[in-house]
Amino acid sequence: MTIREQITTYIDRQYPLYRQIALDLHARPEVSNHEFYACERLSRQLTEEGFQVTVDVAGHRTGFTGTYRSEKTGPVLVFLAEYDALAGLGHGCGHNLFGPTSLLAAAALRQVLDETGGEIRVYGTPGEEGGENGSAKGSFVREGFFRDVDAALCVHPGDRHEASSKNLACLPVDIEFFGKAAHAVTAPEQGINALDALILTYNGINALSQHVTQDVRIHGIITHGGDAPNIVPEYAAARFYFRASTVPRLNALMQRIGSVVEGAAQMTGATGRIRPCQNQVDNMVPTPSFDAVYGRELAQLGETMLPSDGYGIGSSDVGNVSQVVPTIQPTICITDGPTPWHTEQSRDASRSEKGLASIALGAKALALTALDLIEDPGLLEKIREDHAQQVSHQ
């Protein structure tokens, strides 16, 4: 049996187990920093597959790493795993499939790694959808988990097979103002109205949004506006997501936002503050030559990958990884037609037979792509060079 046959045979044999894991995760949706069941289920399975597993990593209690190293030298390749759900909706983005697919790919490749050489890791990264301590891949990058990594791989459920796409950098922030409470009737002159400052900021950001480039997206809500109508609000807060096509563009936008907050503070006498409410999400930097390897493997499995249609309008912390190492995150089809994501339709697709079957297909395509990088050092070096060029020309 060839090495490739060993990989695909193992995936076919283990698929029923990983199918059940995906259904179990779907039935127990958990949001960022609370993926206790998913973390335990996936990390335990990774341990049973022969990986050295560590839980509670990079400042994330539901994050984990799994490592298997051959005695033979070779590249270090990481399979990224996501498993969080959407608040109030569940697995409307297919992460119950995402995590098991990456684990199965890594487990299958482990079966031949002693022969091929190299090191494979699985990084379990919580909170891709954001939320409490969200977008964990930013923490993994910041804490040096990719410092010695040659490439990273994953595949995301979608309504088509499509190459990795660019997307938007995103900074979720809380904007707060601190004033001075006073009775609004008997002593209004003694108060400093934090809500007035926040409303000025909200309107200023709204005015600014008319004069930005087409790649910029701004959306926010007021989360606290005071405690009682007859008390001058001493505290007011809002949460905003600011997006742009690249990190430098996002940084330039945030400078302008800072000026709006500062101006509102000066007009009212309140003290303003902007602070991130989770990790910044960097824009995705595709490496087309890397996606091409995955596309060839997918074709060998009887499926066709469409080229990327350009910019995705959303954001994903896979972008943080793509800034530092070559990374692929193509989509894999789990529906029979176009499907809006973060909806009941996508949630249902994530437990459908087609959705579940994507685990085996995606695991095979990912594992065989990783095998290509291990067996052809020249290919990996070309991908690394292409990635460096892509990063430098954002």
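Glu40 is partly exposed, with a relative accessible area of 36% (buried is under 20% relative accessible area, exposed over 50%, partly exposed in between, with a 1.4 Å probe and protein chains only). The model is predicted: local features need pLDDT of at least 70, side-chain atom pairs count only at pLDDT 80 or more, and totals for chains, interfaces and linings use all residues. Residues are numbered from 1 along each chain as its sequence is written, and side-chain values use heavy atoms, with hydrogens and water left out.

**Salt bridges**

- A salt bridge is a side-chain nitrogen of Lys or Arg within 4 Å of a carboxyl oxygen of Asp or Glu; the count by this rule is 23.
- Glu40 pairs with Arg44 in a salt bridge, at 2.7 Å from N to O.
- Both residues lie in helix α2 (residues 36–48), four residues apart, about one turn of the helix; helices (H or I, at least four residues) and strands (E, at least two) are DSSP runs, numbered from the N terminus.
- Arg44 is also partly exposed, at 35% relative accessible area.
- Glu119 and Arg69 form a salt bridge whose closest N and O atoms are 2.9 Å apart.
- Glu119 belongs to strand β4 (residues 119–124) and Arg69 to strand β2 (residues 60–69), so this pair ties together parts that are 50 residues apart in sequence.
- Glu119 is buried at 8% relative accessibility, whereas Arg69 is exposed at 57%.
- Arg142 and Glu143 form a salt bridge with closest N and O atoms 3.8 Å apart; Arg142 is exposed at 51% and Glu143 partly exposed at 45%.
- Through shared partners, salt bridges join Arg69, Glu119, Arg121 and Asp148 into one network.

- Leu113 sits in helix α3 (residues 95–116) and is buried, with a relative accessible area of 0%.
- Beyond its neighbours within four places in sequence, Leu113 has contacts (heavy atoms within 4.5 Å) with Tyr68, Ser70, Gly118, Glu119, Ile120 and Ile374.
- Leu113 and Gly74 are 39 residues apart along the chain, and their C-alpha atoms are separated by 9.5 Å.

**Whole chain**

- The secondary structure consists of eleven helices and twelve strands.
- Of the 394 residues, 56% count as buried.
- Along the principal axes, the C-alpha atoms fill a box of roughly 85 × 45 × 40 Å.
- Among contacts between residues at least 6 apart in sequence, 81% join residues at least 24 apart.
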